[in-house]
Amino acid sequence: MTMRTRFAPSPTGFLHIGGARTALFSWAYARRHGGKFVLRIEDTDAERSTQASVEAILDGMKWLGIDWDEGPFFQMQRLARYREVAGQLIAAGHAYRCWATKEELDAMRDAQRARGDKPRYDGRWRPERARAAGRVPPADRPPVIRLRTPEEGAVGWHDLVKGPIEFPNAELDDLVLLRADGVPTYNFGVVVDDLDMRITQVIRGDDHVNNTPRQIHIFRAMGGKLPEFAHVPMILGADGERLSKRHGAVSVTQYRDEGFLPEALVNYLARLGWSHGDAEMFSIRQLLEWFDLRHVSRSPARFDAEKLAWLNQQYLKAADDDRLAALAAPFLAAPPRREVVALLKERATSLKELAAQASMFTTDPGPQPVPAEARPALAALKAQLESLAWDRKALGAAVQAAAKAHNLKMPQLAMPLRRVLTGREQTPSIDAVLDLLGREAVIARLARSLA
């Protein structure tokens, strides 16, 4: 049987870090085993689902390089199928219609709490109980459809990450499958889709563990084969709290816009809860060769923005200069030269930072104040540079000679020279700055500040 995994986001926002990691693990598992990866959009929350969110999710996945073999499938385009299955479950005695109103359900739960019981639906519209109580289906409102959940025994599975998990059926109630408007609930839509799409492994966050026993009951009521379940640990902030925006948990596309490389983010996401020995840096090709669920941790992962920035820096250092120049171009008025990128990429932790540093070579700082003690040396240096052979070694020697001739220490000359040329006090080595700016720009900037 071909292995089939899926990613099923709700289009109610951007693709965030947790969702991206789930997609990555599901995709990598399918690719490692020669299987298929299915993309499904769970858009039944009509009030919150938007097309803009769909596009943001797709854009984020494409940027990360996570491609899908089938889909995207949209649940709201499959309503007829959910209603068909609900009807089949009623006919088989596995589901029934329930006409309980919100007010009746609230009163029922209040009474349960008053008795110290766990609030849960009491099955009052199960056909045999409704008849015994003399309940007659009202004609003034449509029913919901509920699953007839076993009331005794237990339901369990062997989780591919967490191991054996079991829930007593007494803790579960008859969940709603189909709302009165004909739209499926989350658990029902998921099971129908997973069966129809022949999903063999369900890989998702462990916040879905409590949904799984309910879904297993639906699978069994439908007579379908259970997929294997793998619940990956949640992602926490560095402070141990649930990941949120204050930890840097922004959307995937925002990391793109901040100048992160996709391969760096993929590498970092993979290491959030999974490991391959001591490997910290690895290519996407290596990830697809190595990924398995046996080495997914059961403990929560911790998101560390500083570690991600460090990892991105390593990828920037190793990246092709021409590629980085093209990627940095949108952050600048003019694209940086590859020689500038080669000089600066060792220091940058993002493309945005690289571009900010590169702007010293593309933006004229205008006239700069020059200390009186440095003026004679800068004027002499300017005169020498007008005819000097323009190479980095000669330029460095000329600066040193000018400082020595005017009894200045190197910082006394190099610091004002940096300001005149770039408007900054922190730059790469001054000989490199001179070399890359070029004779015409250097002479013009010196002349303007010395005037």
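A crossover is right-handed if, with the strands pointing away from the viewer, the path from the first strand over the helix to the second runs clockwise. I looked up helices (H or I, at least four residues) and strands (E, at least two) as DSSP runs, numbered from the N terminus.

The model is predicted, so I note the limits: local features need pLDDT of at least 70, side-chain atom pairs count only at pLDDT 80 or more, and totals for chains, interfaces and linings use all residues. Residues are numbered from 1 along each chain as its sequence is written, and side-chain values use heavy atoms, with hydrogens and water left out.

**Entry 1**

I started from the second unit. E2, helix H2 (residues 51-64) and E3 form a β-α-β unit that is right-handed. I then checked the pairing (two strands pair if DSSP finds at least two bridges between them). E2 and strand E3 (residues 70-74) run parallel and are joined by three bridges. Arg40 has Phe73 in E3 as its bridge partner.

On E1, I found four bridges between strand E1 (residues 4-7) and E2, again with a parallel run. Phe7 is bridged to Leu39 in E2. From E1 the chain passes through helix H1 (residues 17-32) to E2, in a right-handed β-α-β crossover.

I also checked cover (buried means under 20% relative accessible area, exposed over 50%, partly exposed in between, with a 1.4 Å probe and protein chains only). Five of the six residues of strand E2 (residues 36-41) are buried, so by this definition the strand is mostly covered.

**Entry 2: helix H2**

I took the span of H2 from its first C-alpha to its last. Its 14 residues reach 20 Å, close to the 20 Å expected at 1.5 Å a residue (the expected span is 1.5 Å times one less than the number of residues). Buried residues of H2 include Val54, Ile57, Leu58, Met61 and Trp63. Gly65 follows H2 and has a positive phi, near 85°.

**Entry 3: helix H9**

I found helix H9 (residues 262-271) mostly covered, with nine of its 10 residues buried. Among them are Pro262, Glu263, Asn267 and Tyr268. Gly273 follows H9, and its phi is positive, near 105°.

**Entry 4: helices H17 and H18**

How do the axes of H17 and H18 cross, and within what distance do they come? I read that the axes of helix H17 (residues 410-422) and helix H18 (residues 430-437) come within 11 Å and cross at roughly 25°. Axes are lines fitted to C-alpha atoms, for helices over the stretch in contact, and angles run from 0 to 180 degrees between N-to-C directions. H17 and H18 are therefore roughly parallel (under 35 degrees; over 145 is roughly antiparallel, 65 to 115 roughly perpendicular and the rest oblique). I logged their crossing as left-handed (the near helix is turned anticlockwise from the far one by less than a right angle; clockwise is right-handed).
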